[in-house]
Amino acid sequence: MKAFFRSLWFLLFSLSAASAAVPGWPMKPDNSHAQVHVWHDAPANGKVRLLLDVTPDEGWKTYWRTPGDGGFRPAIAWASQAKTQWHWPRPVRFDSAGFTSVGYDRRVVFPLEVTTQELQRLRGKLTLSLCSNLCVVNTFPLDINLASGPSAHFADAWQNAMRAVPPESGTVAVQSVTADDDTLTVKLTSPEGWSRPDLFTDNPTGATLSPPQAEIRGDTLTARFSVSDTQGKPLDAFRLQQLSLLVSNGAQSQQLTVDITPSTALWQILAVALAGGLVLNLMPCVLPVLGIKLASLMTLAESTRRQTRLRFLATAAGIVFSFLVLAAVVTGLRLSGAWIGWGFQFQNPWFIAAMVVVTWIFCFSLAGLFEIRLPSGLSTRLATAGGNGIGGSFLEGAFATLLATPCTAPFLGTAVTFALAAPVHQLWLIFLVLGVGMSLPWLAISLVPGVARWLPKPGPWMGKLRLVLVLLMLGSCLWLMSLLVNAWGARYVLIGGGLMVAFFLYRCAKAMPAHQENLRSLAFGVLFGAGLYAFLAPQPQGKDDSPLNWQPLSEAALSEALDAKKRVLVDITADWCLNCRVNEVLVLHRPEVIAALNRDDVVLLQGNWSQPSAEIEQFLRRYGASGIPFNAIFGPSLPQGHVLPSLLSKDALLTTLTKANASPSPDFTEEK
């Protein structure tokens, strides 16, 4: 409601006043309500330093970079392709008639750094919003003669102006920043105590923070902000990933940028992590390792209760071990300053290549050509305790986890998002619980090994099932090989894949004399066909045959579509994301969904996270996502976006798409 009245108040009473070119003193045309002067330095290294000196009339004020409930921040539009970096002196807060604004009611000097190639003249237009009991917009043309040399005493004036800009270091420290529903709580400490403190925040994209409610206890200041969207409705504060904060403490001030963490209790996150790990067993991502799971169950009928228990405990141990390895890698990357998300390892072609080799080796194991064992130095005690296959079961669990984690699952994303922002010891604990959750089915079977009695008795069916499992694992190997096409080229992948399949068939031929000739012929045919196709077939041109008109994802494209009052579907996918393919086939490519998404007022933006991308990672982090699939819908009534579940449903997508087109609150535009 405040935003509505602010816009109405400003637009009903705004007017524009033009002046002679600046500099020139005094700069006070009729109805300007302020004097303006510009000093300049000599151009150097593609930059020009300026001092914008503004003195409002008595009873008038201009605004800070985040103005609050009234007015607009100063802005300069240059005639050339110049970019301006503003340095903002400490502002003050104004309260009137239930409205709060932030700005300056006395002389203020803004240090500006302008990146430009101009060496002679710098022309542009300064727009100032000034308010008293009414608001006006003043426009000042800027015509700066750079060739005349720097203004007198500019260096001293620049240093004085920068002293008024709050530094990014000081004695104030952030104790915690937590989010709980629509409330953001900031705790700050100052060894010097607090004297007339005030806090000023920048509003994150799509969100507005209220003035703080402050409480002081000793050297600790606790400030609480209410978070709302651009329409004044409460907004989940956890969706804000960072907070830019200016702290005023008496004569001192300091700028801070801090990360926001949820106030959820650790035990709640651990419960979510346990559920997320368990649900991961049911996700489409586990399809490549279905052969391993079925093979383990198939061996139950041939094992004793003790062997069954030990083998499934070994599999569970392998799962947990793999999660701890991921925790170690994530910790290292996080300490290095990199942002990571769930499934990040599949962005590395060497990791995928390693998984190709492992799946290929498992094909031999499932075919009975040899048995997987841990190295003797690591598995002697394990093997002697449980008989044959214990080391292989451990490796199966570890490998199944690494191969089944490129996509997010319900509950999993929440737990991983919390872990990535939590202290290191909590990160390790959460990943440990994720591993326990995924291994729960294996632990349950180890506790009740009598489940083997429920399986059919050994017989010819086992040989047929083994063949199916071998084909499943071989298919997984080939699918992983296909992910290397973009990194290594289709020709080398085809040759490598052909050699691997041919060698596997050749070994099968030696183990099965009855089918030796057929298998050898098949091996030769695969090798010859792969080589022939690699060298003679045209290389793929990357043509998109999707029935949907996808455009590359970018912040600029999203903002442009929202400014045009269009609805937007954002889809972040990757070549290695099986859940993304499931969403594509079962939801996005259904005829009724295609018809809805191909409407003129719908823009489709797609980001491909197959390779690391800083822009995509920043986008995921802003919306609290830890991995992919990521789908969100924006629109006139959903400017801050609505994130859809990782596994899409047709009804949820179409309902949210319709909701995004609902008529927003009345909007007022300035008359031209």
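Strand S5 (residues 75–78) pairs with S10 in the antiparallel sense over 4 bridges; two strands count as paired if DSSP finds at least two bridges between them. Helices (H or I, at least four residues) and strands (E, at least two) are DSSP runs, numbered from the N terminus. This is a predicted model, in which local features need pLDDT of at least 70 and side-chain atom pairs count only at pLDDT 80 or more, while totals for chains, interfaces and linings use all residues. Residues are numbered from 1 along each chain as its sequence is written, and side-chain values use heavy atoms, with hydrogens and water left out.

**The chain as a whole**

- The chain has 19 helices and 25 strands.
- Of its 672 residues, 47% count as buried, where buried means under 20% relative accessible area, exposed means over 50%, and partly exposed lies in between (1.4 Å probe, protein chains only).
- Among contacts between residues at least 6 apart in sequence, 72% join residues at least 24 apart; a contact means heavy atoms within 4.5 Å.

**Strand S10 and its partners**

- A hairpin links S10 to S11 through 3 residues.
- Two of the facing positions are Gly124, whose bridge partner in S11 is Leu142, and Thr127, which stands opposite Thr139 in S11.
- Strand S11 is largely enclosed by the rest of the structure, because 8 of its 11 residues are buried.
- Ser129 lies in strand S10, which covers residues 121–131.
- Ser129 counts as buried, at 3% relative accessibility.
- A polar atom of the Ser129 side chain lies 3.4 Å from the backbone nitrogen of Phe72.
- In general, strands of a sheet pair through backbone hydrogen bonds, either parallel or antiparallel.

**The sheet S14-S18-S19**

- An open sheet is formed by 3 strands in the order S14-S18-S19, with antiparallel pairing.
- Strand S14 (197–201) and strand S19 (252–259) stand at the edges with a single partner strand each, so one side of each has no neighbour in the sheet.
- From one strand to the next, the twist averages 25 degrees (axes are lines fitted to C-alpha atoms, for helices over the stretch in contact, and angles run from 0 to 180 degrees between N-to-C directions).
- Strand S18 (residues 242–249) pairs with S19 over 8 bridges in the antiparallel sense.
- Within this pairing, Gln242 has Asp259 of S19 as its bridge partner.

**Two loop residues with positive phi**

- His153 is found in the loop between S11 and helix H2 (154–163).
- Phi of His153 is near 55 degrees, a positive value in a residue other than glycine.
- His153 is exposed, with a relative accessible area of 67%.
- Arg196 sits in the loop between strand S13 (183–189) and S14.
- Arg196 is not a glycine, yet its phi is positive, at about 50 degrees.
- Arg196 is exposed, and its relative accessible area is 66%.

**Nonpolar cores**

- The largest nonpolar core has 72 residues, of which Val570, Ile572, Phe619, Ile628 and Phe630 touch the most other members.
- A nonpolar core is a set of buried Ala, Val, Leu, Ile, Met, Phe, Trp, Tyr and Cys residues joined through side-chain atoms within 4.5 Å.
- Not counting residues up to four places away in sequence, Val570 touches Leu553, Leu605, Phe619, Phe630, Asn631, Ala632 and Phe634.
- A second, separate core of 31 residues includes Val54, Trp64, Leu126 and Phe200.

**Spans listed as transmembrane**

- An unreviewed UniProt entry lists "transmembrane region" for residues 265–290, 310–330, 350–372, 393–421, 427–455, 467–485, 491–509 and 521–538.
- UniProt positions are given in the numbering used here, feature names are shortened, and annotations may be inferred rather than shown by experiment.
- Residues 310–330 are 100% helix and 0% strand in the model, and their end C-alpha atoms are 30 Å apart.
- Residues 491–509 are 100% helix and 0% strand, with end C-alpha atoms 27 Å apart.
- Leu326 lies in helix H5 (residues 305–335).
- Leu326 is buried, with a relative accessible area of 6%.
- Leu326 and Thr401 are 75 residues apart along the chain, and their C-alpha atoms are separated by 9.9 Å.

Technical notes:
A polar contact is a pair of N or O atoms within 3.5 Å; within protein, one must be able to donate a hydrogen and the other to accept it, and residues adjacent in sequence count only if both atoms are side-chain atoms.
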